[in-house]
Amino acid sequence: MFKAKITVTLRTSILDPQGKAVEHGLHSMGYTSVSGVRIGKHIELEVHTESRDEAERVVKEACERLLSNPVMEDFSFTLESVKRSVHAEG
Amino acid sequence: MFKAKITVTLRTSILDPQGKAVEHGLHSMGYTSVSGVRIGKHIELEVHTESRDEAERVVKEACERLLSNPVMEDFSFTLESVKRSVHAEG
Amino acid sequence: MQKVKFGILVFPGSNCDHDAHYAVSSVLNQEARFVWHKESSLGDVDVVVIPGGFSYGDYLRCGAIARFSPIMQDVVRFARAGGPVIGICNGFQILTEVGLLPGALLRNESLRFVCKDVYVRVEQAGARFTSACAPGEVLRIPIAHGEGRYVADAETLRRLEGEGRVVFRYVTPEGEAVPEANPNGSMNNIAGILNEGGNVLGLMPHPERACDPLLGNSDGQKVFQSLIQSFAVHETVHNLS
Amino acid sequence: MNSSIGISEPQVTRELALDHGLTEEEYDRILEILGRTPTYTELGIYSVMWSEHCSYKNSIAVLKTLPRTGERLLVGAGEENAGLVDIGDGLAVAFKIESHNHPSAVEPYQGAATGVGGIMRDIFTMGARPIAGLNSLRFGTLDDPRARYLLKNVVRGIGDYGNSFGVPTVGGEIYFDACYRDNPLVNAMSVGIVRQGETARAIAAGVGNPVMIVGSATGRDGIHGATFASEEISEESESRRPSVQVGDPFTEKLLLEATLEAIRTGYVIGIQDMGAAGLTCSSMEMSAKGRVGMDLYVDKVPVRETGMSAYEIMLSESQERMLLVVQKGHEDDVRKVFEQWDLPATIIGYVKNGGRVTVYEDGQVKADVPAESLVLGGGAPVYVRETREPSYLKDVRNPDYLNFPEPEDYNSVFLDLLASPVIASKRWVWEQYDSMVRTNTVSTRGDAAVVRIKGTSKALSLCTDCNSRYVYLNPRRGGQIAVAEAARNVVCTGAIPIAITNCLNFGNPYDPEVYWQFKEAVAGIGEACRAFDTPVTGGNVSFYNESGSSAVYPTPVIGMLGLLNDVSGKMQAGFRAPGDHIFLLGTNRGDIGGSEYLRIRTGRISGDAPNLDLSHERRLQQLCLELIEKKLIQSAHDVSEGGVAVALAEACLWSDVANTGIQSG
């Protein structure tokens, strides 16, 4: 089984009002050394397969077709193989 | 200068309706080997300081006080020192 | 004149489907039928309406999951064959996700859901969806959305404007397209656009909410009337040939 | 198999019972009922069922003094999840208001969202389709950042849930007073329509009929939510916080459509939504009402987390779930309806004779209790607490507080009034609510919201009202004023007030001064309801609304239902045309006790609540209705916070003609 951690972020050219609002919030709390705040999505999921290539394919396709909007967003992900935990077999 | 990459996720015991809906969507697209979909926030920001400890403190406090909701969420972050890019000095 | 047959899609989370049905059938006296998202064929329809609502709870992105419903393949076929499709609010978001319209609808710049009357200027009075409007006419139509900020890359924007495919633009009551009139931060105050063929309209405002005079505003009727008239013209031409 | 491996249940002792919020006498009563020491699961069941929130033990005796009958009432108060009122055309209205104060203090977004979800379920569990939502909110003063944080997130929570669920939010009210600083009040109201004869009942019947759980899977959310709502918010309760309940409006929309469809099949014998105390409350109340029992198998309940014990499954308050009793042999017909909407529907037990609910986990009996002994109106304790007139009353009614010089510059005082958060426009809030979905909303600006009923000429006029400052200064008259104000608002739209629901938000009932406020306010509400012939159809009591040492102001929120037989006869509040004459109905006695004007000038809430003569008020309202019916007037607006000055200003702001003003005659 593989554990995927996916990051989906808005292309830098696109206005990120949430990032702007958070940056403004941090400054008003005194953290003036902070800048360039950008907010994106962090997605975790498990892929039940033994082959890393298969897991890679599934996650890549999921990102391209659903999890990210190619018009506006970029994505990246990491894959970590996880031994099938005892409980899951129960 | 330091580049922080922050991940904010719902605690596992807390229901994630968004993750549930996306998992359902992936299954209906045929990706039935996927499970445990959880969706959280990915936040990137820069901290303008030369001291790693200072950057660590700023990011940790920002997460505790604003970026995450302690009632429901956990956070983790990585810090990467970035040489001050030419443009930034200009 | 024969009644126009409207097919109104219903996703699990749609909540404006009944409003569209009521406007088209009870107010405008046409034929309306619901089409469940799990069906694979639209059946006998003249117009497809993708109504507002929260098709899949709109988690991830509005319309992201709805796009993969079985019915959407037949909608793409219908649109590619020139059939008129109107996507309202969440429907507009689904049309961009499925690629029938360019660009995307992102979170409002205010980061808040907004429900109020806005004013839109008719930029193209000759379109199939605006033939009942005068050029430059200002219509008062309500909006209700949290992710309605229209965004597209520079090239797409240039073509939309150049080819006259921006149909509605947010304006002041006097008709000026100024930032104060923009409720969500959309590029160029864009409120509604057409595809290349001119048969697919996506707009964020809800015309179906401004049809019944009892609720105090019927400007929205014009969008549907234009569509209905386009069939009358089409029909007479058809009979003549 | 997800049996709770290895977690042996704690030994049940008297201390454990007290820790569960039960009193010594209550624990003795349980020993007597069961004739033995309760199991851990049984202790959990008794503690949530006998919590204030579920049993109303400290309020039911007083609530019974309210008028609860009327020829329009199809269902008496307390019989079902919500009141049911006949409005003719073969239709009935189900409506109710409920509080979600404590969860919102801890997590405002989810607390408010699940509050909306819960009240909507109370309506559609009766077979009615919700057509309008309202909310009544109270926060600390806006100079406090915590109050701003709570306001912002409560409003976003209500909006995100209601807008996604697809029911318009059409009205409500918001007040800001320092007493609500740590304990905001979030009361959500829902109004639904059902064809008479197509309603569903919250009852179990028919030995052998399957019991089904439908909707979301069960997790550990909100365990002890029921008892938690019955405790003051303190450091200690913070640490014992249940994991937060999270709302899923999308699943709720599926649950609504599937539930209404399932009820229409005729195979649903009984149905109840799972609110506080989840599976326990629904199974016990349905069994007690049907005088039957149930065998429940918790290992059949679809769970979201592993290793959940019988205790946790019985007490879980996961959202968006319903309990159904289905006609034997038609389980699949009902299951098919839910599956079409992508919702699981699972048989978890069967109805049996004998009135006892027996809970099994992997074949082992974890609980076996008589349902009747647990429920409100059955064996749940009923207390009448002692009362004492509060000492603050003498001080606040000190006449010296009321004499201070007339303002030199009336204009600046007038502007201060219009700028005060209690009076100023709340557009920033209600523009975040979809008030138009379902295209039934005729008007939201004015004294009450008007929502038409398609297929008839009728419309409903809806509002929520309570000036808690008046109730603080004079609980009895304040209670009367809350009802009178709600009725006036409905009358100003041309509608006849026909029934109310209420959400009674008070402090700790074990404090005699708080209980005096409670008894007096309920007495006042009763007197006004009798005067206006608007019976109480049901509602909610929320005690323990306190923060720091002091209770919040006594806040009995009234939700009023009015009926407009012909929607075209609707009256507006804004002026119509220049040259129209303006009349003031009723006598102006210059009462400034508890007024916003007094607070602006002296910074105090003092004096006595304004005068109110109920019979005079009734005749005044009937006169106004007659003027409207006879089309003799152009608009009607009620005078409330800010007095005549603000009422005139509002009528100008809402006028049909831009920048309308007024001049003295």
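**How chains meet and strands pair**

Modeller: Gladly! To begin with, 27 residues of chain C are in contact with 29 residues of chain D. Please keep in mind that this is a predicted model.

Colleague: What area do chain C and chain D bury between them?

Modeller: The size of an interface is often given as the accessible area lost when the parts come together. Carbon and sulfur atoms account for 59% of the area here. For chain C and chain D, the total buried is about 2400 Å².

Colleague: Which element gives the largest share of the side of chain C that touches chain D?

Modeller: Chain C and chain D also have nine residue pairs in polar contact. On the chain C side, α1 (17-27), β6 (114-122) and β7 (138-145) each give two or more residues. The largest share is four residues, and it comes from β6(C).

Colleague: Let's move to the other pair. How many salt bridges are there between chain B and chain A?

Modeller: This contact takes 29 residues from chain B and 30 residues from chain A. It has 14 residue pairs in polar contact. The count of salt bridges between chain B and chain A, however, is zero.

Colleague: Which three residues of chain B lose the most area to chain A?

Modeller: About 2700 Å² is buried between chain B and chain A, with 61% given by carbon and sulfur atoms. On the chain B side, three residues together make up 22% of what is buried. Those residues are B:Tyr31, B:Ser33 and B:His42.

Colleague: How many residues does β2(B) give to the side of chain B that touches chain A?

Modeller: In chain B, β1 (2-10), α1 (17-28), β2 (34-47) and α2 (52-67) each supply at least two residues to this side. By class, the side has 14 nonpolar, nine polar and six charged residues. The largest share comes from β2(B), with 14 residues.

Colleague: Which residue of β2(B) is the bridge partner of A:Ile43?

Modeller: Strand β2 (residues 34-47) of chain A pairs with β2(B). The two strands are antiparallel, and eleven bridges join them. In β2(B), the partner of A:Ile43 is B:Ile39.

Colleague: Which strands are at the edges of the open sheet in chain D?

Modeller: This sheet has six strands with mixed pairing, in the order β14-β15-β16-β21-β17-β18. An edge strand here pairs on one side only. The edges are β14 (441-443) and β18 (536-542) of chain D.

Colleague: And what angle does helix α19 of chain D make with β21(D)?

Modeller: From one strand of the sheet to the next, the twist averages 25 degrees. Helix α19 (residues 475-491) packs on the sheet, where it touches β16 (459-465), β17 and β21 (555-564) of chain D. The angle between the directions of α19 and β21(D) is about 30 degrees.

Technical notes: Residues numbered from 1 in each chain as written. Chains lettered and ligands numbered in written order. Predicted model: local features only at pLDDT ≥ 70, side-chain atom pairs only at ≥ 80, totals over all residues. Heavy atoms only, no water. Contact = heavy atoms within 4.5 Å. Buried area = accessible area lost by both parts, 1.4 Å probe. Salt bridge = Lys/Arg side-chain N within 4 Å of Asp/Glu carboxyl O. Polar contact = N/O pair within 3.5 Å; in protein donor to acceptor, adjacent residues only side chain to side chain. Nonpolar A, V, L, I, M, F, W, Y, C, P; charged D, E, K, R; others polar. Pairing = 2+ DSSP bridges. Axes fitted to C-alpha atoms, helices over the stretch in contact; angles between N-to-C directions.
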